[in-house]
Amino acid sequence: SLEKKDPVFIPVLSEEQVLRLLPTLSDLANSRQWRVRQGAVEIVPALLGCTSKLEIRSEVAQLCFKLMNDKVDAVRKTAAECLCLSGGVLGSHGEESSGEWITAIVIPHVRSCSQSVDSKQRILSLKMVEVILVNGICPARRKSSRTSSSEEAQSLPPQLDLVTIATSLSSDNVANVRLNFGRVACSVISLVDEEELALLTNALQGQLEAEAKRERGGDRDVLFFASQAILRRKEKDDVSLPSLRDSLRDESER
């Protein structure tokens, strides 16, 4: 599920106690039972709620990073969701803490996954973009951080940065990555601002054109999701037009 979930419990621990727990959780993350590994990472949001320093939060995040490479798909997805949705938990510490988590910890890892040679990691990066945008936990602007991978990325607003990462995978060599881009675009296209909307639309149109030139007319699933996303873009435009006409009419009646 992409919806925010409250932790089962919120332990009242000091940051020192959180650090002492990490080796135990790391051991559980190496369990032969995949549900145990999944359970180990599910506690991350609750632990982060007990922290205030970015350095300690970075250490907690390593558990998510580790299990995002798990061989079991359910464990990878849970780790990715816990990494992203922890920003919502940190919102109780103030918007700055939540925004810092997303921009300094999460987005650099989303970018790293999108550039992986492993197609499963590239798909996971798209999943993270979807989780962040659907749950509305992306800050409006970026806090300066030395963890940023480049000055160019640092200059982009976080939401535009995420959409840019997603569109970079629209022409991936692996069909499953391309169709996941289209699927994610369907989920978020009605949620983004005009600049991100234009970026997504251009990528989707380019994907449809490129796919049609592939052998046998391209992958049917890729074409389906890209077409659905374009349709949702048009539906968004149709919804906004009546309100625009109403505004113009009100102005003329004054």
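In this predicted model, helices α10 (residues 175–188) and α11 (residues 194–212) pair up, with axes that come within 11 Å and cross at roughly 145°. The crossing of these two helices is left-handed. On the α10 side, the residues that take part are Arg178, Phe181, Gly182, Ala185 and Val188, and they meet Leu200, Ala203, Leu204, Gln207 and Glu211 of α11.

Another part of the picture is helix α6, which spans residues 95–114 and holds Ile105. Ile102 has a relative accessible area of 0%, so it counts as buried, the cut-off being under 20%. Ile105 comes in at 8%, and therefore it is buried as well.

What does Ile102 touch, once its neighbours within four places in sequence are left aside? Its contacts are then Cys84, Gly87, Ile107, Pro108, Ile137 and Pro139. Ile102 also sits 6.8 Å from Cys138, C-alpha to C-alpha, though 36 residues separate the two in sequence.

Ile105 has its own set of partners: leaving aside neighbours within four places in sequence, it is in contact with Leu54, Ser58, Ala61, Phe65, Leu83 and Glu100. Arg57 is 48 residues away from Ile105 along the chain, yet the C-alpha atoms of Ile105 and Arg57 are 8.7 Å apart in space.

Note on methods
Residues numbered from 1 in each chain as written. Predicted model: local features only at pLDDT ≥ 70, side-chain atom pairs only at ≥ 80, totals over all residues. Heavy atoms only, no water. Helix = DSSP H or I, 4+ residues; strand = E, 2+ residues; numbered from the N terminus. Buried < 20%, exposed > 50% of the residue type's maximum accessible area, 1.4 Å probe, protein only. Contact = heavy atoms within 4.5 Å. Axes fitted to C-alpha atoms, helices over the stretch in contact; angles between N-to-C directions. Left-handed = near helix turned anticlockwise from the far one by under 90°.
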